[in-house]
Amino acid sequence: MVGRPRSEVARKAILRAALDLCARDGYQNVTMKGIAQAAGSGRQTVYRWWQTKAQVLLEALTDVLAEEVEGLPDTGDARADLVAFLEQTFALARGVAGQVVVGLMADAQSDAELAAELRAKLINPRRAALRAVLARGAVPADVELDLAVDLVFGAMWYRLLNRHAEVNQELAEEIAGLLARIN
C-alpha cells in the first residue's frame, strides 16, 4: 500500500518552523514536538518524514542554502571573488544557518550516519565551491587547494565555535590577503 504523497506546503511549513525555532531557542532546545506544533502539523506527520530533528534541520538548511546562495562570483578578479564568496558564507554562518550547522556538527560527533549525510549535503559542496574560487588564482599556484580550504573554513569555524572574534567582512579581507601572500 502506497501512502499519501508528501504535501509540499506542509513540508515547507515544517522546515521553516524548525529554522524559526532554532533561531529563537537554539539548536539544543528544538524538539520534534515543538517543530510539529509550530508548523501546525501532527507529530506523526513530522516523524513519518524524518526520524530526528537533525534530519529536519539538515533538510531545512540545504533548502535554505539552495535558495539563498548565489552563484559563485566570477568577476575576473580572483581576490575580489574570494572576498565576495567569504562575505556571503560568513553572513550565512552568522545567522540561523550557523546555529544549525554548529548543532549538526556537535550531533555528528556521535552519529556516523548524520556525519556522512552532513558531509555529502552541506560540507563537501561548500568545500568544492570554495576550492573552485581559490583555483582561479586567489592563492599562488603552488598552494595545495584543499589545505587552503581547510585554513579558510577552519578560521571560520574556530571563531563560530569559540565566539572569541567576529566572522565578518574584515575576516574575509584578512583571509584573502593572507592567502595571496602564502609562498
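Helices here are DSSP runs of H or I with at least four residues, and strands are runs of E with at least two, both numbered from the N terminus. With that in mind, the span of residues 31-50 is 75% helix and 0% strand, and its end C-alpha atoms lie 12 Å apart. UniProt, in an unreviewed entry, places the feature "DNA-binding region" at residues 31-50; such positions follow the numbering used here, feature names are shortened, and annotations may be inferred rather than shown by experiment.

The model is predicted, and local features need pLDDT of at least 70, side-chain atom pairs count only at pLDDT 80 or more, while totals for chains, interfaces and linings use all residues. Residues are numbered from 1 along each chain as its sequence is written, and side-chain values use heavy atoms, with hydrogens and water left out.

| Residue | Relative accessible area | Class |
|---|---|---|
| G98 | 5% | buried |
| A84 | 32% | partly exposed |
| R163 | 74% | exposed |

G98 is found in helix α6 (residues 96-108). Not counting residues up to four places away in sequence, G98 touches L92, A93 and W157, contact meaning heavy atoms within 4.5 Å. The C-alpha atoms of G98 and W157 are separated by 9.2 Å, although the two residues are 59 residues apart along the chain. A84 belongs to helix α5 (residues 78-94), and its C-alpha atom is separated by 26 Å from that of L57, 27 residues apart along the chain. R163 lies in the loop between α8 (145-162) and α9 (169-181). Most residues other than glycine have a negative phi, yet R163, which is not a glycine, has a positive phi of about 55°.

Helix α5 also packs with helix α7 (residues 112-134) at an angle of about 160°, with their axes 9 Å apart; axes are lines fitted to C-alpha atoms, for helices over the stretch in contact, and angles run from 0 to 180 degrees between N-to-C directions. The two helices α5 and α7 are therefore roughly antiparallel to each other, a term used for angles over 145 degrees. Their contact is made by residues including L82, F85 and L86 of α5 and L130 and L134 of α7.

L130 is in contact with L82, F85, L86, V149, V152 and F153, leaving aside its neighbours within four places in sequence.

Methods:
Buried means under 20% relative accessible area, exposed over 50%, partly exposed in between (1.4 Å probe, protein chains only). Angles under 35 degrees count as roughly parallel, over 145 as roughly antiparallel, 65 to 115 as roughly perpendicular and the rest as oblique.
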